[in-house]
Structure formats: structure tokens, C-alpha cells
Amino acid sequence: MKSEIRNITLAGFITSLLYAILVDDWSDPAPFINAILIGTLGGFLAGIFEVYVFSVGQQRLSFSGMVLLRTMVYFVVLTILIILIKARVDSWFENRSFVEHLTSEEFSYFIVAGEFKNILAYALFIIALIIFFRQLSRYLGGSLLMDLMRGRYHHPKDEYRVFLLVDLKGSTTIAEEMDQLSYYKFLNQFFRDISLAAKDYHPSIYRYVGDQLTLSWLLKTGDEYSKCLDAFFRMKSVIADQTATYLKTYGVKPVFRGTAHSGEIITGEVGDVRTQIIHMGLPMLEAAWMEKVGGKDLNKMRVCL
């Protein structure tokens, strides 16, 4: 989550600096300071809202509802931010107090007929782009969006990957005891909880199939083995903490198992009408069922992988 906030903040900084370079007079440092502060703080606040506020609301509001809510919130936040930062920075260069500059005719002109509307429109446009790509990334999962955009797997590649397969125990029995809508909500919350639990370990969410989630790490340094196992035990911890909520809401606690595989596979794009990146092959090394390992044998498990 911290990395998402950092990336959105960095995007705000870069795009605001680009705006200042293209639009403002290079002889005056004030516009550059304004742009950098507005972009950086605006990006940071947008990151906070995206990670800690809107990510929760996505489960409760429709897509159009979330778009409307985001638009209203960012319009208000950016309007206040632009006014406060512009007035503060310009007051320093004009050698007058913040209140004096805020109530001056010069600042009133900036708001009514000056560059304020252009700055606000540009900031909202950049935020909209960030939201758009975050939504695409959310639907595709992890780094798959960038892989598709760069055409990384347009031609199949040999790769070494670590896979973590997590599947729900007794899903057929649970489905028979619930109506279809309740089972869907149960499964959706389960997938959401374990996906968020694994998020800090930076996996690629490969696919959801029935009651199974498959995560993947490209093997680079060897730390991916540890990330795979740590992600699994983090899922166990999160679901254990949510036991009371599941029992109260659905009358059942999700119990799941996981298995890890690693080895050489082929990764490439398939499909024309709908393109998808798939992994083909059978990883050579397979780990034992991880719920049987337990935290005490964690180091042994890593050796096994």
C-alpha cells in the first residue's frame, strides 16, 4: 500500500513539473514552486484516498457511484489545495501576509479570470488518468497491465516462476448450504481478504478459477520463495482475525489450503478478440501442502522449494 501512495505522489510531482515547464515563465520561480507543491501534495492526498478510502468503498458502491464520489472529492480537495498553496507561495514573493494576498484584487483575478481554471482542469485530468490506469490494473492484476502495454509477452518467453495456489476447502458443501447470491458474496469476500493480505508481497494475481486463487512471482533473486510462503501465512492470519465476521455474516468460516510450485514455464499472450497472458508448462518442484508445515518449519519449507 505504501508503494501505491508513493507511485501516485511521484506521478503528481512529475506531471505538475511538466505543466510548469510547458506553461510558465522560466524567469519566475514561483510558478515552479506552486506546481511542485500542488502536484506533490495533491498526489499524496490522492494516494491516501485511493488506498485507504476508495478501495473500501469499491465493494459498496457501483462503478458510476465511485466515479461520481471520486470526482466530487477530488474537485473539492484540489480547489482548496490550489487556492491555499498559490496564495501562500505568492505572498512570500510579494512580501505580504497570506491573508492580504488572499483578499487582494490580484488573487481575485487569478480565481475568476486567471489561470486557476486551467490548473484545476489539468490536475483533475491527471487524477482521472491515474484512476483509469489503477482500475485497469485492478481488473488485470498486478503488473499485467504494464506487461500488455509494453508487449513484453507478444512473443512467448521462457521464465522461471514461483506459483502459489490457494483453494477453499469444502466449497461444494458450503455452496449447497447457501443460496447462490450468498455463496457469491462469501467467495468474493474471501478472495478479496486473501488478495489484500498478499498484496504487500507484490504477487501477480494470475487468475480466479472456481474456488481457487493463483498467485505468481517472477523468480529473480530467490526471495520470491520467501514472499510466496510469507504471503500464504499472512492470508492465514487475516482470515483467522476475520473469523467472527464470517461466522456472523455467513455462518461459516473459510478454511483453505495452499500449494507452491516453482520451475521453468512458457509465458505468452493468447487470443485476439480478448488478449490474455497465460503460463504454460509444469513447474518441476512442488512443495507440500502448506497448512501442514506451520510456522515452526518455515525455513525447512523454503529449502524444499
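Leaving aside neighbours within four places in sequence, which residues is Phe190 in contact with? The legends below refer to a predicted model.

**View 1. Contacts of Phe190.** Away from its neighbours within four places in sequence, Phe190 touches Leu168, Ile239, Tyr246, Pro254 and Phe256. Phe190 is also among the residues with the most contacts inside the largest nonpolar core.

**View 2. The largest nonpolar core.** This core is made up of 29 residues. Leu164, Phe186, Phe190, Ile194 and Met235 have the most contacts inside it. At least two residues of the core come from each of strand S1 (157-168), H9, strand S3 (212-218), H10, H11 and strand S4 (256-270). Helix H9 supplies the largest share, eight residues.

**View 3. Another nonpolar core.** A core of 24 residues lies apart from the largest one. Its members include Tyr19, Ile38, Leu78 and Phe110.

**View 4. The buried face of helix H11.** Helix H11 spans residues 243-250, and Thr243, Tyr246 and Tyr250 are buried in it. Viewed down the axis of H11, the buried residues fall within an arc of 70°, so they line one face of the helix. Among the elements that cover these buried residues are helix H9 (180-198) and helix H10 (223-241).

**View 5. The other face of H11 and the residue after it.** Ala244 and Lys248 are exposed, and they sit on the face of H11 turned away from its buried side. Gly251 follows H11. The phi of Gly251 is positive, near 75°.

Methods: Residues numbered from 1 in each chain as written. Predicted model: local features only at pLDDT ≥ 70, side-chain atom pairs only at ≥ 80, totals over all residues. Heavy atoms only, no water. Buried < 20%, exposed > 50% of the residue type's maximum accessible area, 1.4 Å probe, protein only. Helix = DSSP H or I, 4+ residues; strand = E, 2+ residues; numbered from the N terminus. Arc of directions from axis to C-beta. Contact = heavy atoms within 4.5 Å. Core = buried A, V, L, I, M, F, W, Y, C linked by side-chain atoms within 4.5 Å.
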